[in-house]
Amino acid sequence: MKLVLLVASAVALASATTSPHDEIDWSQHPFQAADADDARGPCPGLNTLANHGFLPRNGKNITIPIVLQGAVDGFNVQNDALALAAKAALFTSNLNDQFTLNDIKLHSNIEHDGSISRADHALGDNAAFNETHFNVTAKQNPGVDFFNGTSAGLAFKERHADSLANNPNITNTIKEFQIKLREAALYLSVMGDPVTGKAPKQFVNIFFREERLPLEEGWTRPGPITSRTLNPISRDVGIAFQWEGPDLTRCPWVVLAPGGTEDPLHDGSIV
């Protein structure tokens, strides 16, 4: 009887301490870099999910259920943390129920200026990875091996200042600011600890530069990531960012279709 109880206790302990990483059969999700005909876009997270087969590997025919389930399976990001962005992404496509990863480069939908890994829409390729811009993040937190909300906020602050100085067409409203805070909280949580917001530099660098899950380097799928877990990290990012406030001549706006207006109050498309 004692032996049975001992075995049962050992099994229970093993189950309780198994990493969430082990819930996924990673042999079914090997990394495969995109081919020339595959669609990729400005979001390193979605690109990574496609590179591991959690989204269609060609980056096309993506629906809201597909992207939400892919984020749960690959990153443990729950629906409440991503549903609004997924719904907005549909407006980037000419189709009613699906989009491609390249579609979401549509400026002023969920794409924004001052990205930490892409050029501003008016200044270059806003879909392709930009090492110069990402290096602003990579150089943060010297002397330690992790990034956190403070380092993420400082990186966004520097990139934002660069956009203000060099992009006369910058879109700078509360919408863009809030998207940046959520993006930072997401990459820190996915690559690190969703509670503390600390993420190993090595993991984050691989995530952005290679759009690969750093499984071989020791990354494991984190605990559930929700809006509630993201909010404290977003606050830390915002404190370090020290955003000066919006451009008062522009109203927050989500572009509702390819070719749609970016500034309806000034171009007369709405009254």
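This is a predicted model: local features need pLDDT of at least 70, side-chain atom pairs count only at pLDDT 80 or more; totals for chains, interfaces and linings use all residues.
Local features were taken only at pLDDT of at least 70 and side-chain atom pairs only at pLDDT 80 or more, whereas totals for chains, interfaces and linings use all residues. Residues are numbered from 1 along each chain as its sequence is written, and side-chain values use heavy atoms, with hydrogens and water left out.

UniProt, in an unreviewed entry, lists residues 27-235 as "domain: Heme haloperoxidase family profile"; its positions are given in the numbering used here, feature names are shortened, and annotations may be inferred rather than shown by experiment. Over residues 27-235 the chain is 44% helix and 2% strand, where helices (H or I, at least four residues) and strands (E, at least two) are DSSP runs numbered from the N terminus. The end C-alpha atoms of this region are 37 Å apart.

Helix α7 (residues 174-191) and helix α9 (residues 227-241) cross at roughly 115°, and their axes come within 8 Å. Axes are lines fitted to C-alpha atoms, for helices over the stretch in contact, and angles run from 0 to 180 degrees between N-to-C directions. The crossing of α7 with α9 is right-handed, that is, the near helix is turned clockwise from the far one by less than a right angle. Contacts (heavy atoms within 4.5 Å) involve F177, L181 and L188, among others, in α7, and residues including L230, I233 and F241 in α9. The residues of this contact comprise 10 nonpolar, five polar and two charged; Ala, Val, Leu, Ile, Met, Phe, Trp, Tyr, Cys and Pro count as nonpolar, Asp, Glu, Lys and Arg as charged, and the others, Gly among them, as polar.

For α3 and α4, the packing angle is about 145° and the axes are 10 Å apart. This crossing is also right-handed. I64, V67, L68, A71 and V72 of α3 meet N79, L82, A83, A86 and K87 of α4. Eight of the contact residues are nonpolar, one is polar and one is charged.

Spaces were located on a 1 Å grid over the protein atoms alone: a cavity is a set of points where a 1.4 Å probe fits but cannot get out, a pocket is an open set with protein on both sides within 12 Å along at least five of seven lines, and lining residues have an atom within 4 Å of a point. The largest pocket holds about 1000 Å³ of space. Its lining has 47 residues, with L82, A85, I179, E183 and L186 nearest the centre. Helix α4 supplies the largest share of this lining, 10 residues. The largest cavity holds about 40 Å³.

Definitions and conventions:
Grid points are joined across faces, edges and corners, and a volume is the space filled by probe spheres set on the points.
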